[in-house]
Every structure is written in C-alpha cells, then in structure tokens.
Amino acid sequence: MAEYKAASALREHMLEGHPVTLLEAMLLFGVQGPNAEFGRIKKDGFLIESRSVPMAKVIRRINEYTVCKVPEGLPYKEIQLTEYWIKK
C-alpha cells in the first residue's frame, strides 16, 4: 500500500479543478504549511489564483467530506476566507 502524502493529495485535488482554503488544506488533507505548498506548486510552473469567499461556503464544502460545526455566535456568514485554485 502506498504511503499517504498530504502535499500530493492537496496538489492532485487542486489539479482536478477544486478550489481550497487554508482551512481545508489543513483539516481535510493534513497539510501542515499550506502556503509553503502553494509556493512549491507555483515553483513547479503552475499559476495559482485566489479570491475571497464567505466562510459559510467553505464550511458547506468541508461538510461534504466530514462534520464541521462552527462555534455558536460566530458570524461565519460574514467572515471571508481566501480560496486558491490552479488556473488552467
């Protein structure tokens, strides 16, 4: 059985066209330093773009894979996170 590599899983996910946030990179893939991994992807010649999205969108996306609940009282619909994707 092949050994799991968090950075490779993140890169493959992004190459399939999926956007990710730092939260998703850490929570779903176990990438310890997402920004460093994005830098390595760029160094390999890929163009990474970004935009701000509501945290509610990210939580909904995370909940497709696992259960993630926000603390009561957190205005997660108003909080903005940055999502990144590989431009094709």
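**Exercise 1. What covers the buried residues of α2?**

Solution. Keep in mind that you're looking at a predicted model.

- Step 1: Find the helix. α2 spans residues 22-29, and its buried residues are Glu24, Ala25 and Phe29.
- Step 2: Look down the axis of α2. The buried residues fall within an arc of 100 degrees, so they line one face of the helix. Here's the background: an α-helix has 3.6 residues a turn, so residues three or four places apart point the same way.
- Step 3: Check what lies over that face. The cover includes the helices α1 (6-15), α3 (34-43) and α4 (55-62), along with the strand β1 (20-21).
- Step 4: Step off the end of the helix. Gly30 follows α2, and its phi is positive, near 80 degrees.

**Exercise 2. Find the aromatic pair in the structure and work out whether it is stacked, tilted or edge-to-face.**

Solution. 

- Step 1: Search the whole structure; one aromatic pair turns up. Its partners are Phe38 and Tyr84.
- Step 2: Get the two values you need. A pair of aromatic rings is described by the distance of the centres and the angle of the planes. For Phe38 and Tyr84, that's 4.7 Å centre to centre and 40 degrees between the planes.
- Step 3: Compare the angle with the cut-offs. Under 30 degrees counts as stacked and over 60 as edge-to-face, so with 40 degrees the Phe38 and Tyr84 pair is tilted.
- Step 4: Phe38 sits in helix α3 and Tyr84 in strand β3 (residues 80-87), so the pair ties together parts that are 46 residues apart in sequence.

**Exercise 3. Decide for Phe38 and for Tyr84: buried or exposed?**

Solution. 

- Step 1: Recall the cut-off: buried means under 20% relative accessible area.
- Step 2: Phe38 has 4% relative accessibility, so this residue counts as buried.
- Step 3: Tyr84 has 17%, so it counts as buried too.
- Step 4: Zoom out to the whole chain. Buried residues make up 32% of the 88 residues.

**Exercise 4. Describe the overall layout of the protein.**

Solution. 

- Step 1: Count the elements: there are four helices and three strands.
- Step 2: Read them off from the N terminus, and you get α-β-α-α-β-α-β.
- Step 3: Box it up. Along the principal axes, the C-alpha atoms fill roughly 40 × 30 × 20 Å.
- Step 4: Turn to the contacts between residues at least 6 apart in sequence. Of these, 71% join residues at least 24 apart.
- Step 5: Finish with the surface and the charges. The protein exposes about 6,000 Å², with carbon and sulfur atoms supplying 54% of it. There are 13 positive and 11 negative side chains, and the centres of the two sets lie 3 Å apart.

Key: Residues numbered from 1 in each chain as written. Predicted model: local features only at pLDDT ≥ 70, side-chain atom pairs only at ≥ 80, totals over all residues. Heavy atoms only, no water. Helix = DSSP H or I, 4+ residues; strand = E, 2+ residues; numbered from the N terminus. Buried < 20%, exposed > 50% of the residue type's maximum accessible area, 1.4 Å probe, protein only. Contact = heavy atoms within 4.5 Å. Areas by Shrake-Rupley, 256 points an atom, 1.4 Å probe, with all protein chains shown as cover. Lys, Arg positive; Asp, Glu negative; His and termini not counted. Charge placed at Lys NZ, Arg CZ, Asp CG, Glu CD. Arc of directions from axis to C-beta. Phe/Tyr/Trp six-rings, centres within 6.5 Å; stacked < 30°, edge-to-face > 60°.
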